[in-house]
Amino acid sequence: MVKLSTSQLKEVLGWASRQRDAKGRSLLERARQSLLSGSYLKYNTSLSKAEDGAVVWDCDCPYVQKTGKPCKHVIAHIILAHMEELRESSKAWEEWVNEYWSKQVEEAINAFAQF
Ligand SMILES: [Zn+2]
């Protein structure tokens with residue numbers, strides 16, 4: 001997965017936290033929910049870096065087709081690629097990442113329990 005520089009990561013997540021939908025939820029919060037629920041896997045999302053280091057993203061969801069702006073799936077993939085960095089960046093991220101990981105473990109255990 002593509003790694004952003006610390007300043008790029010801050011910039012992208014800062015931007016996402018300022019984007020609000022009609023219900024007042026930030027794009028960042030919707031991306032976190034999308035990761036927790038697993039719904040970020042619903043669309044084909046890609047993330048790469050150009051030769052000059054710029055972030056190149058794409059997603060085939062309706063939001064991107066309509067607005068041309070990064071969607072919650074793109075932000076979700078960026079969060080996923082930087083879990084360790086984010087966990088160390090603040091208490092709030094640490095708590096969120098821990099919640100995400102414990103949910104992943106719980107789901108894996110439940111999946112095994114099906115056998
Ligand atoms: Zn999308």
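1. Two strands are taken to pair if DSSP finds at least two bridges between them. In this predicted model, S1 and S2 are joined by five bridges and run antiparallel. The two strands form a hairpin with five residues between them. Within the turn, Gly53 has a positive phi of about 90°. One of the bridges can be located by residue: Lys49 has Val55 in S2 as its bridge partner.

2. As to the overall architecture, the chain comprises six helices and two strands. Their order along the sequence is α-α-β-β-α-α-α-α, and the hairpin is built from S1 and S2.

3. Along the principal axes, the C-alpha atoms fill a box of roughly 45 × 30 × 30 Å. Buried residues account for 23% of the 115 residues. Of the contacts with a separation of 6 or more, 51% are between residues 24 or more positions apart.

4. The axes of helix H1 (residues 6–18) and helix H2 (residues 27–37) come within 5 Å and cross at roughly 100°. H1 is therefore roughly perpendicular to H2, given that angles of 65 to 115 degrees are classed in this way. On the H1 side the contact involves Leu13, Ala16 and Ser17, which meet Leu27, Leu28 and Ala31 of H2. Five of the residues in this contact are nonpolar and one is polar, with no charged residue.

5. Helix H4 (residues 72–81) is largely enclosed by the rest of the structure, because eight of its ten residues are buried. The buried residues of H4 are Lys72, His73, Val74, Ile75, Ala76, His77, Ile78 and Ile79. Their cover includes the helices H1, H2 and H5 (83–89), together with the strands S1 (45–49) and S2 (55–59). The two helices that cross at roughly 100° and the two strands of the hairpin are thus among the elements that cover H4.

6. Lys69 lies in the loop between helix H3 (62–67) and H4. Is Lys69 buried or exposed? Lys69 is exposed, because 11 other C-beta atoms lie within 10 Å and a count of 12 or fewer defines that class. Lys69 and Trp57 are twelve residues apart in sequence, and their C-alpha atoms are 9.8 Å apart in space.

Notes. Residues numbered from 1 in each chain as written. Predicted model: local features only at pLDDT ≥ 70, side-chain atom pairs only at ≥ 80, totals over all residues. Axes fitted to C-alpha atoms, helices over the stretch in contact; angles between N-to-C directions. Helix = DSSP H or I, 4+ residues; strand = E, 2+ residues; numbered from the N terminus. Parallel < 35°, antiparallel > 145°, perpendicular 65-115°, else oblique. Contact = placed C-beta atoms within 7 Å. Nonpolar A, V, L, I, M, F, W, Y, C, P; charged D, E, K, R; others polar. Buried ≥ 20, exposed ≤ 12 C-beta atoms within 10 Å, placed from the backbone.
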